[in-house]
2 protein chains.
Amino acid sequence: MENDQATQPNFSVNLPNTGKPKIVIIGGGFGGIELVRKLSHLDAHVILVDKNNHHTFQPLLYQVATAGLEAESIVYPFRKIFQKQKNFIFRMAEVLEIVPEQNNLKTTIGDLAYDYLVIAAGSQSNYFGMKDFKEGALAMKSVPEAVAIRNLILENMEKALLVKNKEDRQALMNIVVIGGGSTGVEMAGALIELKMHVLTKDYPELDIASMQIYVVDMEDRLLRTMTPHASFHAEKFLNNFDVNLWLKTKVVSYDGKVLTLANGKKIFTETVIWAAGVTGALVNGLAAAEIVNGRIKVDPFNKVHGYPNIYAIGDIAGLTTEATPQGHPMLAPVAIQQAKNLGNNFNKIIAQQPLNPFVYKNPGVMATIGRNHAVVDINGLKFHGLFAWLTWLFIHLIALVGFRNRLIVFINWAWNYFSYDRSLRLIMKPPQK
Amino acid sequence: MENDQATQPNFSVNLPNTGKPKIVIIGGGFGGIELVRKLSHLDAHVILVDKNNHHTFQPLLYQVATAGLEAESIVYPFRKIFQKQKNFIFRMAEVLEIVPEQNNLKTTIGDLAYDYLVIAAGSQSNYFGMKDFKEGALAMKSVPEAVAIRNLILENMEKALLVKNKEDRQALMNIVVIGGGSTGVEMAGALIELKMHVLTKDYPELDIASMQIYVVDMEDRLLRTMTPHASFHAEKFLNNFDVNLWLKTKVVSYDGKVLTLANGKKIFTETVIWAAGVTGALVNGLAAAEIVNGRIKVDPFNKVHGYPNIYAIGDIAGLTTEATPQGHPMLAPVAIQQAKNLGNNFNKIIAQQPLNPFVYKNPGVMATIGRNHAVVDINGLKFHGLFAWLTWLFIHLIALVGFRNRLIVFINWAWNYFSYDRSLRLIMKPPQK
């Protein structure tokens, strides 16, 4: 059914024609939904465009991928979030191209005229031009991708029962995580739990102890955006559980079964998870804009260079300052704070008054690495272990959208913790006709 | 990835070769899992073959389809259910053909030899040869199908916003349920709630009041397997909420947009849900077996006619007696009771001793029709309304597999009840590369 909307000529975006300014926001991630909220009192149409009808809480995707959470509990429908916001309009569509000279968006559901445009399209997996991995590795940027990882891990276990050749069996059981940032580390930690507490019991016919989990990264330490203290504890924890850490190591090629590293080593694996980096999910049409490290360059007010009425926030926005020569980190707090600042500025933008520049307040960085273990860097403080882990749980729980989701996630976490189980190990296939 | 196992020649089912009898069960529905459980103390290999790795609680699929429950909460992995049962072996595969003269099953993962075979493959949608509906209507026999219904209803609402033509818009909003049995009635009741309490709030731009829900059935009353008392109350309830009931009415054709009835009326709809009947999910290869109304004829011990070591239980088994000339109803209690009786007989089957025949104890029939309303027929007792509804909720909650699932379903029900909300209105698409 994908995009068959585009083929139906009698479709049009059908927006109200009231003369009020139209503020169009591309993308309902952390930045997009915060901005919609901040604009709730504006006498304008706040139009959110997203290809999904729901917000996705990306920091917990790895738990969906490892059978710890149901997909539904980390997503929330936009129409529900903003049900009471009168000036909110949602359109489910993919943006094909921006036509700035016409103040127009080309989308899969037709043309959409804007007065102000805010690009909050987020990021996408960056394969650094490596075709093998673009085709053969699994990304984890959306719910369907996370479910696909869960399906593949479990399907491969079922297949491992059926092969007599040892190399083939190892390839089906081994899992390689490429990238040792927080996504990679959290994924590896969750895979340890899946292996130790679930797969061992579920597959008595297999020698699960021989299953290998690898983390491969080019840098010389895990969690390179955190302190060396955090890296040390993450590495120690993963080493304790026999995760194979290949640091300062590049991946070279992958044929669907054998992954080759720059040092010549080969890993037999049919499950490769790509957590090695993301880049801005760029939108076509901004010829005058400058692209910095895959992100759209913006000024301190998040305005895109070269366009009077186009803004960008979050992962896709590159705000280079002396303190952030590469732009700010691609993290939810940056997107949310930029959305707040831009939201507060919007009255002034419409009235053409001077704006307040964006100043990032770093709330800290954290990563969970496994049962009872997390690492946290906050304002020069750095701690690890149980208290860090509880901090991580608490922060993520309250950041989820919707009380029902918080409750369901909390129950799942408590359940998984006390039962050492991950009940959601389900292979869900698309319907057949 | 579907069935790519079949193409890999180095796969084999890899079963242990211990000399113990191999009892192979096709299908892990209500009958299949009950039988596995009953055979736990047998000195044999109990081998379950299913195309999914999980049991599906089919009676609640309609709540997944109408955004009331997450898919994961009504399914449960087989390996988890039987983690502690030593003689249990699971193989995820589709059965292609039975070769009775060789005591062999041909499957997508290779040949599987059995000593005893139990067919518990359940039922599939019966389109009575109507190609239009096989292609254009949505069935609701599996989780992916239920999620597909949820996706389609919500996608069509999003599309309805985009069309100017009134007929096109009505077609996108209207929903036709074909079949007025319990599945159709429960679906219609849930659609009323979705329309009244969710869609009205989510789509202020649409005239949701003009959205029509239809139930079409050939019989002269809803819930024809229940008492006229139950039918009366179901019809009254649905009429009160302006559901269009077309009884004694056949469907004739459907072109994806216009559904034509035998009385010549046409309904504009892009959402047609098929709940008009099921037939046995027959397996190839049983040439000597007699097929009765799409089910495999069995004797009172559930043995398939013409084969010494093949049994069938549940929906697929046709056990015709004087009291049940058409076979038993295709309901979970029949499957479970047949599994229990066959399980109790299995020691005697192996020892070639006389068996106990199956006798059905009807525990009652029930259907929920909406908020605070259900109809129940138990042992000549018939009641409806709030108490019947609470009975329905309780029976279904305890019948779910796994305490976690019960807890999550209970919370969802409480949440939906008190908030008048159905939070899970999510369009989940397959991953894109």
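This dialogue covers the interface of chain B and chain A in a predicted model.

User: What conventions apply here?
Analyst: Residues are numbered from 1 along each chain as its sequence is written, and chains are lettered from A in the order in which they are written. Local features need pLDDT of at least 70, side-chain atom pairs count only at pLDDT 80 or more, totals for chains, interfaces and linings use all residues, and side-chain values use heavy atoms, without hydrogens and water.

User: What area is buried between chain B and chain A?
Analyst: Interface size is often given as the accessible area lost when the parts come together. Here about 6600 Å² is buried, and carbon and sulfur atoms give 53% of that; the value is the loss of accessible area (1.4 Å probe), summed over both parts. In terms of contact (heavy atoms within 4.5 Å), 72 residues of chain B meet 73 residues of chain A.

User: How many salt bridges are there between chain B and chain A?
Analyst: A salt bridge is a side-chain nitrogen of Lys or Arg within 4 Å of a carboxyl oxygen of Asp or Glu. The count between the two chains is 10. One of them joins Arg91(B) to Glu205(A), with the closest N and O atoms 2.7 Å apart.

User: How is chain B laid on chain A?
Analyst: Two copies of a chain are related by a rotation about an axis and a shift along it. Superposed by least squares on C-alpha atoms of residues with pLDDT of at least 70 in both, chain B is laid on chain A by a turn of 180 degrees and a shift of 0.0 Å along the axis, with an RMSD of 0.0 Å. This is the relation of a two-fold axis. The same surface serves both copies, as 100% of the contact residues of chain B recur in chain A.

How values were computed. Buried area is the accessible area (1.4 Å probe) that two parts lose on being put together, summed over both.
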